[in-house]
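Let's take a friendly walk through one protein model. Please look at the sequence and the 3D view below, and keep both at hand as you read.

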Amino acid sequence: MAASQAQTVLVVEDEASIASFISLYLKNAGYRVKAVSSGGDALAQVELEQPALIVLDLMLPDMDGIDVCRRIRQRKDIPILMLTARDEDVDKIIGLEVGADDYMTKPFNPRELVARVKSILRRSTPARRAQRRAAWRGRSQPISRSRSG
Ligand code: CA
């Protein structure tokens, strides 16, 4: 892929050390990287940069990453890889079906993150994403909890 055609990955992470190593690995893998440290900046950059994929941390200073994910989803169909530091957040990400394409739990291997990014971008052709949206709509029934009372 020529440098001028490099896809942009938007990295949303307020911890500078994590943001910089993610950015470094993604750049080495041939992506353009735009890094921001707040949910507000993320929403602004989604409009400006038209990123091919977003790496989105769940814990941001101004906004919950899940809210950011939902707001992006309302406007754009961009693949989102969520980062979380806590196991219980995984249940939130999966259970609420906020529209994230994948997630990773910190600490993670940056090579694994790059592999996930490549994999998401490979399978995120417009036709496949349309299929996925249709599948979500068909799965509208929430999982009911059995209650004995
Ligand atoms: Ca964070």
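This is a predicted model: local features need pLDDT of at least 70, side-chain atom pairs count only at pLDDT 80 or more; totals for chains, interfaces and linings use all residues.

You can find Q50 in the loop between α2 and β3. Q50 is exposed, with 12 other C-beta atoms within 10 Å. Here is how that word is used: a residue is buried if 20 or more other C-beta atoms lie within 10 Å of its own, exposed if 12 or fewer, and partly exposed in between, with C-beta atoms placed from the backbone.

Residues are numbered from 1 along each chain as its sequence is written.

**The overall layout**

The protein chain has six helices and five strands. Both kinds of element are DSSP runs numbered from the N terminus: helices are H or I with at least four residues, and strands are E with at least two. Along the sequence, the pattern reads β-α-β-α-β-α-β-α-β-α-α. Of the 149 residues in the protein chain, 25% are buried. Among contacts with a separation of 6 or more, 59% join residues 24 or more positions apart; a contact means that two C-beta atoms, placed from the backbone, lie within 7 Å.

Which residues of α2 are buried? They are G39, A42 and V46. These residues cover an arc of only 45° around the axis, which puts them on the same side of α2; the arc is that of the directions from the helix axis to the C-beta atoms. An α-helix has 3.6 residues a turn, so residues three or four places apart point the same way. The other side of α2 has the exposed residues A44, E47 and L48. Covering the buried residues of α2 are elements that include β1, β2, β3 and α3.

**The nonpolar core**

A nonpolar core is a set of buried Ala, Val, Leu, Ile, Met, Phe, Trp, Tyr and Cys residues joined through C-beta atoms within 7 Å. The largest one here has 27 residues, and V9, V12, I54, V55, L56, I80 and M82 have the most contacts inside it.

**A residue of β2**

A35 lies in strand β2. A35 is partly exposed, with 18 other C-beta atoms within 10 Å. Not counting residues up to four places away in sequence, A35 touches V11, A19 and S23. The C-alpha atoms of A35 and I22 are separated by 9.3 Å, and these two residues are 13 apart along the chain.

**α1 against α5**

α1 and α5 pack at an angle of about 55°, with their axes 10 Å apart. On the α1 side, the contact is made by F21, I22, Y25 and L26, and on the α5 side by P110, R111, L113, V114 and V117.

Finally, look at K106 and P107, which are joined by a cis peptide bond with omega about -5°. P107 is found in the loop between β5 (102–105) and α5.

Definitions and conventions:
Axes are lines fitted to C-alpha atoms, for helices over the stretch in contact, and angles run from 0 to 180 degrees between N-to-C directions.
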